[in-house]
Amino acid sequence: MDRAVMLRSPLLSTRRFLSHSLSASSSRASSGAALSKRLLLRRRWRGLPPPSSSPITPVHFKRPFSSFTTQAIATQPSPTSSEAEVSVDEVAERYGFEKVSEEFISECKSKAVLFKHRKTGAEVMSVSNDDENKVFGIVFRTPPKDSTGIPHILEHSVLCGSRKYPVKEPFVELLKGSLHTFLNAFTYPDRTCYPVASTNTKDFYNLVDVYLDAVFFPKCVQDEKIFQQEGWHYELNDPSEETCYKGVVFNEMKGVYSQPDNILGRACQQALFPDTAYGVDSGGDPKVIPKLTFEEFKEFHRKFYHPSNARIWIYGDDDPKERLRILSEYLDMFEASPAPLESKVANQKLFSGPLRVVEKYPAGEGDLKKKNMVCLNWLLSDKPLYLETELAIGFLNHLLLGTPASPLRKTLLESGLGEAIVGGGVEDELLQPQFSIGLKGVAKEDIYKVEELVMTTLKKLAEEGFHPDTVEASMNTIEFSLRENNTGSFPRGLSLMLDSIGKWIYDLDPFEPLKYEKPLNDLKARIAKEGSKAVFSPLIEKFILNNPHRVTVEMEPDPEKASADEAEEKAILEKVKASMTEEDLAELARATQELRLKQETPDPPEALKCVPSLSLDDIPKTPTQVPLEVGEINGVKILKHDLFTNDVLYTEAVFNMSLVKQELLPLVPLFCQSLMEMGTKNLDFVQLNQLIGRKTGGISVFPFTSAIRGKDEPCSQMIVRGKAMAGRADDLFNLMNILLQEVQFTDQQQFKQFVFQSKARMENRVRGSGHGVAVLGWMVN
């Protein structure tokens, strides 16, 4: 399982390897922006925060995201003539569903129908369109009462075998015989989500059945060993040895709690929401996880993993009647439950005045003078915001922090008070929105200076407003993203599902997040009529400057904390062992061996046969063909892909770096950043970013390296990527040329900031995945 991550949405693209590719409107497919693991789950119009560590809303993933995106289309089961003549509404009645509402969502060209299962109250959103990448997701509201990590452990455990699929890890077995384009599960602070996606209809329905059986009829509520394996257990190999804690989630969260950014995130969220479910850790605190009992674990599943507490999303080009039939087979097995009342998430009441929290984080030896972190956090409202206000705050967030030239971000980084931004700006994945911003790599004596700088910068922006070019650039960037609606290899239906669930899970309108056209046009009209200052300055004043619900979180490095925590854990385990009799210790050693044997014993062949898989007959014999034209201009090879892109032009210019000396290669990422953020002969970097935002959908520069099959030497390149509406092609290529030909490497202070930011990222990477760094170093050597 991956560590806790924040889910953000800057406009990034999949790093595909092409020499120089152009994609213009004409044919059928679409290529484009895939979001990295940290940046997936895009919140469509909610602003584009900076690519920095973000302190709130951890989401825990079951498995790495699948990059297997083979396009395969199976023929849907052919309905009989009588079935074909029956309307969806009649089928819904037959299977016990009541149609609540129906809308055509023009923004995603989809017919969306909200059903309610009469017997259980389960809610189903059936979204029909021509997207072959079908998506299913079932979401349960799972607010925790403590930090034992029940939602997180249960998310792992239900995917360890079920009634119909009694293998240890059907999840893993599915990977072997599926054409899924997404297969995962993740835990939010207040809900747990199980999504799958596939372009193959038979495969899709197989995945849906496995997931429905897993969440409703898991083996883990009968088999305590699954709970011990995935959650926690005492481990003792021999009565003469020391006892220790083991468990997948326990070990994972030990890693999470060793990373300063994650500790800061937990402290910020819990300080903002002390009286609600967000005041504890749904992922689990390693100090608290061992307090969880198997009985509490089973009761949590019984109470919350029930159709009455479920929201189910099905999206794509499959038969909407077949969807309802499949769901009814499971839902009809249950009676109504009071779970929806018990799972409601309470609102946090606003504070009457600001608070301050000081915590320590484990730090290594060395110079700790500039290792403090400080983050200012506001809870913006005591209830969910209206759509119009939420949209305006999303734009404000982008104006403040969305690009390297954004005034709040730029001011903080140029101050020299810290090395990198923390806090992701506006975060609205939870019931109540919040805003966070700060710096890490700060000297203790400068902490109050950072706070003062944040407040004075916001006051100045409220008084003076934003430059018109900055507002135009943000408006164009966000509108381009909305209209492009390009999620790359990440299923579009899943992106829409997560948007919808962000409201639906709180009993709000699930259609509203899918519709941006009217609120966007209303906001543009208001800005045109009243001016941007009249729109954004009151938001800064109301929700930030005059908001008493502010928490400042300081993080101090402590080189002794890690050893102190280990000593505390060791003392607890010694006390537990001392309380055991010889018979108890012998039984614990026997149980340890028994669990290990269970883990090491493979599933029997007859059990493995239960897991559905595709055969060769289910897979199209011919692959999807991408049109390609190869040409040449002035000796440069040109690859052109004539695809339908909704009139968006995508381009990449690729430069060979094989001649760069090996000792200089580590500096290439800094060189790429300098091209974008050092300014040019006639434009400083603020003006350059404004121009890119106003004229294009974005430009990025990054290095690309890859092994080449059959060769010892790797491929090493620098890619300049851009996108714009086809009518802006000249502007796009002109700006790319300016970046490459007119960059000015003269601002030493700016370059020093890049180095500090890079250093902070590398330090965080080592803390978060040191094993990966070690393995990479071993491979290189």
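Trainee: Where does threonine 276 lie?

Mentor: Threonine 276 lies in the loop between α8 (260-272) and α9 (294-304). Helices here are DSSP runs of H or I with at least four residues, and strands are runs of E with at least two, numbered from the N terminus. This is a predicted model, in which local features need pLDDT of at least 70 and side-chain atom pairs count only at pLDDT 80 or more, while totals for chains, interfaces and linings use all residues. Residues are numbered from 1 along each chain as its sequence is written, and side-chain values use heavy atoms, with hydrogens and water left out.

Trainee: Why does threonine 276 count as buried?

Mentor: Buried means under 20% relative accessible area, exposed over 50%, and partly exposed in between (1.4 Å probe, protein chains only). Threonine 276 has 9% relative accessibility, so the residue counts as buried.

Trainee: Which residues is threonine 276 in contact with, leaving aside neighbours within four places in sequence?

Mentor: Threonine 276 is in contact with Ala346, Asn347 and Gln348, where contact means heavy atoms within 4.5 Å.

Trainee: Why is glutamate 554 called buried?

Mentor: Its relative accessible area is 6%, so glutamate 554 is buried under the cut-off of 20%. Glutamate 554 is placed in strand β18 (residues 550-558).

Trainee: What makes a polar contact with the side chain of glutamate 554?

Mentor: The side chain of arginine 356, at 2.8 Å. A polar contact is a pair of N or O atoms within 3.5 Å; within protein, one must be able to donate a hydrogen and the other to accept it, and residues adjacent in sequence count only if both atoms are side-chain atoms. Beyond four places in sequence, glutamate 554 also touches other residues, including Val358, Met373 and Tyr448.

Trainee: Why are the buried residues of α20 said to line one face of the helix?

Mentor: Leu585, Leu588, Ala589, Thr592 and Leu595 are buried in α20. Seen down the axis, the buried residues of α20 fall within an arc of 125° (taken from the directions from the helix axis to the C-beta atoms), so they line one face. The face turned away from that side carries the exposed residues Glu582, Glu583 and Leu597.

Trainee: What covers the buried residues of α20?

Mentor: The cover includes α6 (224-230), β11 (233-235) and α19 (561-578).

Trainee: How many residues of the protein chain are there, and what percentage count as buried?

Mentor: The protein chain has 781 residues, and 56% of them count as buried.
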